[in-house]
Amino acid sequence: MSVAGVELLGLGNPVLAVERFDREVSLEDGDMVVDRLHQEDMAQAMGVTGGSKYAELKGGSIHGMAELLRRHGRRPASDVSGLAQMVCLNYLVGNCDAHLKNFSILHGVRDCEEGALVSLAPAYDLVSTTYFPNHPRRLAMPVGDARMIDEVTPASFRALAADLGIRDSALKRLMAPLAENIMEGIRRAGEGEFGAVLESTPYVAEDLINNMVPRVGIMSEYCSGRSW
């Protein structure tokens, strides 16, 4: 999965620095040159105003995003797979605020025969809202037939595969590594294996892991292929 680069910086107060993925930096004759890439979030791409970013698209928002990537993407199969992974990761970490403006596309070079081809932008704004007890648990986009994060069942993922336009078996292959590795990955990140952390980060990571246990169990059950 392509993810925006991010680091914790100690600048007096801790700062979360996220690298822009809509810029390309190069050197020309010893000078730094910054090119701006044409980035468009999914709300813009679908003609939805920012105030309606939680609106469900006709036929379903996840289905609509997958169809856009399939029709206009340079690598439609890869991009739809990436979208599936982002949706599943948001579910696992407990992100109920993954709305249309939290998914984006990058426009490529215009081709006179095929039109402007796009690619799925790296994942960004990956947060755990369920970590905060008072945050609503209604999903910004349904996962299959589930509107609330606690209502997601293994059967919901079968419906999600249909929304994405991919085989049930393909979604399981994409999800299995997430379900198997995410808790250990968060633990290692909390201990500072991948970059600087705060003194409190290991404890936050442990709380987040405990928060995720039920959802990891549901996804693992779906991936196992047991009847449900």
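The expected span of a helix is 1.5 Å times one less than its number of residues; helices (H or I, at least four residues) and strands (E, at least two) are DSSP runs, numbered from the N terminus. The structure is a predicted model, in which local features need pLDDT of at least 70 and side-chain atom pairs count only at pLDDT 80 or more, while totals for chains, interfaces and linings use all residues. Residues are numbered from 1 along each chain as its sequence is written, and side-chain values use heavy atoms, leaving out hydrogens and water.

Helix H3 has 18 residues, which should span 26 Å at 1.5 Å a residue; its end C-alpha atoms are 26 Å apart, in agreement. Of these 18 residues, 14 are buried (under 20% relative accessible area with a 1.4 Å probe, protein chains only; exposed is over 50%, partly exposed in between).

Helix H4 (residues 154-164) has the buried residues Pro154, Ser156, Phe157, Leu160, Ala161 and Leu164. They lie on the same side of H4 because they cover an arc of only 150° around the axis, taken from the directions from the helix axis to the C-beta atoms. An α-helix has 3.6 residues a turn, so residues three or four places apart point the same way. The face turned away from the buried side of H4 carries exposed Arg158 and Ala162. The cover over the buried residues includes H2, H3 and strand E8 (138-143). Just after H4, Gly165 has a positive phi of about 75°.

Ser61 belongs to helix H2 (residues 61-72) and counts as buried because its relative accessibility is 1%. Beyond its neighbours within four places in sequence, Ser61 is in contact with Ala55, Glu56, Leu100 and Met141 (heavy atoms within 4.5 Å).
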